[in-house]
Amino acid sequence: MLLLDWFLSHSFSMWLLLQSFVLMTLCFHSATTFPKGCYQAEEDGYRTFRCSNAQLTEVPRDIPNDTNKLYLDFNQITFIPSDAFQNLPVLMELDLSHNTISRLETGAFRGLSEHLNSLDLSSNKLVSVNKDVFMNLKAKTNLSSNPWLCDCVLQEMIRLVELDPGSSSSILCDRSIQEEHVGKPFLQAVKDVDFCNVYKKTTDIAMLVTMFGWFTMVISYLVYYVRQNQEDARRHLEYLKSLPSKQRKSEESSTISTVV
C-alpha cells in the first residue's frame, strides 16, 4: 500500500514535470521560428503578426497561416516576390509601408483577393508597377509617398486599384512624360491629360521621325551615287580627249561596243 501511494504521488509529479517540459519546448520552438523583432499577438480578436522595425530585408518565412493582420512596416525590404503571401488565406490587413520596395513581381499578392481589405504600400521607392500585380485584388490600397513616374502604365494601374480615400491626393508625379505635371497629384494631372493617348501620339511621332530619317538617308545616298557617276563619266571623257585621235577612236569604239 505504501509503495502504491509513493508511486501514485511521484507519477503525478512526473506528469506535471513532463507537461511543463512539453510546453516550454513548444514555446521555445515558436520563439526561435520567428525572425528577431517579430512576435505574434491577439489584438481585438484578430491574430496579429508584427515585424515592425525589425531590420528585415525580405518578407519573412514561416508566418503563421492563421494571421489576420501582418505588419512589416519600417524595414529595408526592397522587393516583393511572386507568391510571397500565398500561405496566408485569412489575411485581412497588410502593412508594407516605410520600406525601400522598388519592385513588385506579378503574383506578389496572389491568394489574398478573398479576404484582404487593406494594403499599405506608402513611403516606398515604387516608380512603375504593372497593373497585373493588383489583378483581382479588392483591398483599399495606399500608394502615397512613392517617386511615381506619371505615364500610361501608372494610369492603367490606378484604374484597376481601389485607392484608399485618404491617400489618393498624396500620389504625386515625381517624374512625368510631360514636365508640367511634375510635383502635381496624379489624379489632378490625369484630369487634364490622357497619358495613354499622349504616349500613343509620342510613339507615332517617333515613328514618323525615324521614317523621315531613313528616307533622308536613302535620298542622300542616291544623290551621292548619281554625282559620283557623273564625276567618273566626266573624268573618262577628259581622258578620251587627251588621247591621240586614232587611239581615241579605238577607245570610243571599244566603249561603244562595251555599252552595246
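**Group meeting talk: sheet, rings and disulfides**

Hi everyone, let me open with a side chain: R103 lies over the face of F79, at 4.7 Å from the ring centre. For a charge to sit over a ring here, NZ of Lys or CZ of Arg must be within 6 Å of the ring centre and within 35 degrees of the ring normal. Another such case is R50, which lies over the face of Y71 at 4.0 Å from the ring centre.

A word on the source. This is a predicted model, in which local features need pLDDT of at least 70 and side-chain atom pairs count only at pLDDT 80 or more, while totals for chains, interfaces and linings use all residues. Residues are numbered from 1 along each chain as its sequence is written, and side-chain values use heavy atoms, with hydrogens and water left out.

Now the sheet. Helices (H or I, at least four residues) and strands (E, at least two) are DSSP runs, numbered from the N terminus, and two strands pair if DSSP finds at least two bridges between them. In what order do the seven strands of the open sheet come? The order is β1-β2-β3-β5-β7-β8-β10, with mixed pairing. At the edges are β1 (39–43) and β10 (162–163), each of which pairs on one side only.

Let's walk in from β1. It is joined to β2 (residues 46–50) by five bridges, and the two run antiparallel. Within that pairing, A41 stands opposite T48 in β2. The two strands make a hairpin with two residues between them, and D44 in the turn has a positive phi of about 55 degrees. On the next step, β2 and β3 (residues 69–71) pair in the parallel sense over three bridges. Here R50 comes back: R50 stands opposite Y71 in β3, and Y71 is also the ring that R50 lies over. Further along, three bridges join β5 (residues 93–95) to β7 (residues 118–120), and these strands run parallel. The bridge partner of L94 in β7 is L119.

On to the aromatic rings. Rings of Phe, Tyr and Trp (its six-membered ring) pair if their centres lie within 6.5 Å; planes under 30 degrees apart count as stacked, over 60 as edge-to-face, and the rest as tilted. How many aromatic pairs does a search of the whole structure find? It finds four. One of them is F85 with F109, stacked at 6.2 Å centre to centre with 5 degrees between the planes. F85 lies in the loop between β4 (79–80) and β5, and F109 in the loop between β6 (103–104) and β7, so this pair ties together parts that are 24 residues apart in sequence.

Last topic: cysteines. A disulfide here is a pair of cysteine sulfur atoms within 2.5 Å, and by this rule the count comes to three.

C38 and C51 have their sulfur atoms 2.0 Å apart. The torsion about their S-S bond is about 125 degrees, so this disulfide is right-handed. The pair links distant parts of the chain, with C38 in the loop between α1 (2–33) and β1 and C51 in the loop between β2 and β3, 13 residues apart. Both C38 and C51 are buried.

For C150 and C173, the sulfur atoms are 1.9 Å apart. Why is that disulfide called left-handed? The torsion about the S-S bond of C150 and C173 is about -95 degrees, so it is left-handed. C150 sits in β9 (residues 148–150) and C173 in β11 (residues 173–176), 23 residues apart.

C152 and C196 form a disulfide with sulfur atoms 2.1 Å apart, and with 90 degrees about the S-S bond the link is right-handed. C152 is in helix α2 (residues 152–160) and C196 in helix α4 (residues 195–242), 44 residues apart. C152 counts as buried at 14% relative accessibility.

Numbering the bonded cysteines of the chain in sequence order, the pairing is 1-2, 3-5, 4-6. Thanks, everyone!

Definitions and conventions
Buried means under 20% relative accessible area, exposed over 50%, partly exposed in between (1.4 Å probe, protein chains only).
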